[in-house]
Amino acid sequence: MSTNTVTAKILPHPLNAWYVAAWDHEVTRKPMSRRIANRPVALYRTEDGRAVALADACWHRLAPLSQGKVVGKDGLQCPYHGIVYNSAGRCISMPAQETINPSAIVPSFPVVERYRYVWIWMGDPTLADPDLVPDMSQMTSEEWAGDGLTIHADCNYQLILDNLMDLTHEEFVHSSSIGQEELSESEFVVTHEGNRVTVTRWMHNIDAPPFWLKNMRDKFPGFEGKVDRWQIIHFEAPGTIRIDVGVAKAGTGAPEGDRSQGVNGFVMNTITPETDRSSHYFWAFMRNYRLDSQLITTQLRDGVHGVFAEDEAMLQAQQAAIDANPDYQFYNLNIDSGGMWVRRILTAMLEAEGRLVAS
């Protein structure tokens with residue numbers, strides 16, 4: 001891949017990987033439908049509470065199984081002619097006949113529940129190792145508190161990854177909340193290993209932008225003065241990005257590891273392709289201070305939601321421009337270093353699956 005341009009503006013998505021299908025609370029005994037990686041999936045829970053994901057199309061006439069109902073311990077009944085499938089996708093009942101056609105099977109996808117999410121594997125099920133679920137441990141750690149939402153983003157999933165791997169856009173897109181000119185002026189370091197990329201940026205002795213000033217005052221009432229600010233972006237393929245963020249009173253040792261005079265958050269992001277031009281964007285903001293305050297949890301969730309709405313509008317406009325200018329290329333700047341490594345990793349995964357010709 002050229003270091004100056006990117007020609008794959010609509011990047012396919014790997015299938016041999018874990019994606020979030022839903023928040024755990026969304027999946028119930030009432031079936032729901034969600035399109036994952038261009039494929040409709042029916043999600044429901046068995047009688048003992050286990051999450052199940054079946055292809056959302058009956059073997060018989062392709063009626064959406066998600067419009068049916070759960071029956072028995074783990075069955076899902078088609079709403080059209082009553083055919084019932086178990087959690088493995090095998091037909092266990094055919095109305096009006098005693099003999100069950102042995103070919104009456106719908107695909108069943110591996111699922112894992114972890115970090116408040118239901119994860120799904122859309123590729124080769126024999127490769128679905130639960131140990132490969134990306135790390136989002138702050139979501140369930142007793143040392144962190146927070147909440148999040150889901151954004152339906154009308155853009156290719158890679159555009160969201162680009163957005164999160166380069167946060168200098170905050171200066172221009174989020175100028176009233178978290179943006180400041182020091183973002184573009186500060187140096188950053190990019191490292192990579194395996195299917196992970198890290199981008200580290202520190203800003204020393206600066207004014208806290210409005211979002212972070214409020215957070216500092218939540219922990220240190222009446223705080224005034226300069227801060228040291230950090231953004232440490234952790235990408236794990238194919239679509240999970242945890243951003244270690246925060247500010248601390250300037251000169252109190254945060255860059256050396258002592259963050260006690262500051263506030264620390266993790267912006268948790270995991271992106272699931274819906275189609276080539278739309279994505280499910282699951283996010284949360286977790287913090288490690290004043291854990292018992294539901295007020296702060298709600299304020300942070302709503303505040304970050306407002307920030308992300310600005311991103312959503314930009315990403316949708318960007319996707320529309322890409323579709324209107326199919327012959328245009330992307331050009332890279334120094335700030336794109338992290339995102340370029342992400343693209344290299346995803347390209348290698350796609351090539352390994354035989355879904356992308358090596359350039």
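**Charges**

I counted the charged side chains of the protein and got 31 positive and 45 negative, with the centres of the two sets 6 Å apart. In this count Lys and Arg are positive and Asp and Glu negative, while His and the chain ends are not counted. Each charge is placed at NZ of Lys, CZ of Arg, CG of Asp or CD of Glu.

**Basis of the entries**

I am working on a predicted model, where local features need pLDDT of at least 70, side-chain atom pairs count only at pLDDT 80 or more, and totals for chains, interfaces and linings use all residues. Residues are numbered from 1 along each chain as its sequence is written, and side-chain values use heavy atoms, with hydrogens and water left out.

**Whole protein**

I looked up the secondary structure and found six helices and 20 strands. These are DSSP runs numbered from the N terminus: helices are H or I with at least four residues, strands are E with at least two.

Along the principal axes I read a C-alpha trace of about 80 × 50 × 35 Å.

I noted that buried residues make up 51% of the 359 residues. Buried means under 20% relative accessible area, exposed over 50%, and partly exposed in between, with a 1.4 Å probe and protein chains only. The protein exposes about 16,200 Å², and carbon and sulfur atoms supply 50% of that area. The areas come from the Shrake-Rupley method with a 1.4 Å probe; for residues, only the protein chains shown count as cover.

I also looked at contacts (heavy atoms within 4.5 Å). Among those between residues at least 6 apart in sequence, 62% join residues at least 24 apart.

I found E224 in the loop between α4 (210–219) and β16 (227–236). E224 counts as exposed because its relative accessible area is 58%. The E224 side chain makes a polar contact of 2.7 Å with the side chain of R217. A polar contact is a pair of N or O atoms within 3.5 Å; within protein, one must be able to donate a hydrogen and the other to accept it, and residues adjacent in sequence count only if both atoms are side-chain atoms. I also took the C-alpha separation of E224 and Y85, which is 62 Å for 139 residues along the chain.

M216 is in helix α4. Its relative accessibility is 0%, so M216 counts as buried. Leaving aside neighbours within four places in sequence, I listed its contacts as F223, V247, A248, K249, Q261, G262 and V263.

**R34**

I located R34 in strand β3 (residues 32–36). R34 is buried because its relative accessible area is 15%. Its side chain has a polar contact of 3.2 Å with the side chain of E26. E26 is also among the residues that R34 touches, not counting those up to four places away in sequence; others in that list include H280 and F282.

E236 lies in strand β16. At 10% relative accessibility, E236 counts as buried. I found a polar atom of its side chain 3.2 Å from the backbone nitrogen of D135. Beyond four places in sequence, E236 touches V133, P134, D135, N195 and R196.

I then checked the peptide bond from A237 to P238 and read cis, with omega near 5 degrees. P238 lies in the loop between β16 and β17 (240–249).

I placed S103 in the loop between β9 (91–93) and β10 (108–109). S103 counts as partly exposed because its relative accessibility is 41%. The side chains of S103 and N101 are joined by a polar contact of 2.7 Å. S103 and R90 are 13 residues apart in sequence, and I read 8.6 Å between their C-alpha atoms.

A96 is also in the loop between β9 and β10. Its phi is near 75 degrees, a positive value in a residue other than glycine. At 89% relative accessibility, A96 counts as exposed.

**L62**

I noted a positive phi for L62 as well, near 65 degrees. L62 is in the loop between β5 (51–55) and β6 (69–71). L62 is exposed, with a relative accessible area of 61%.
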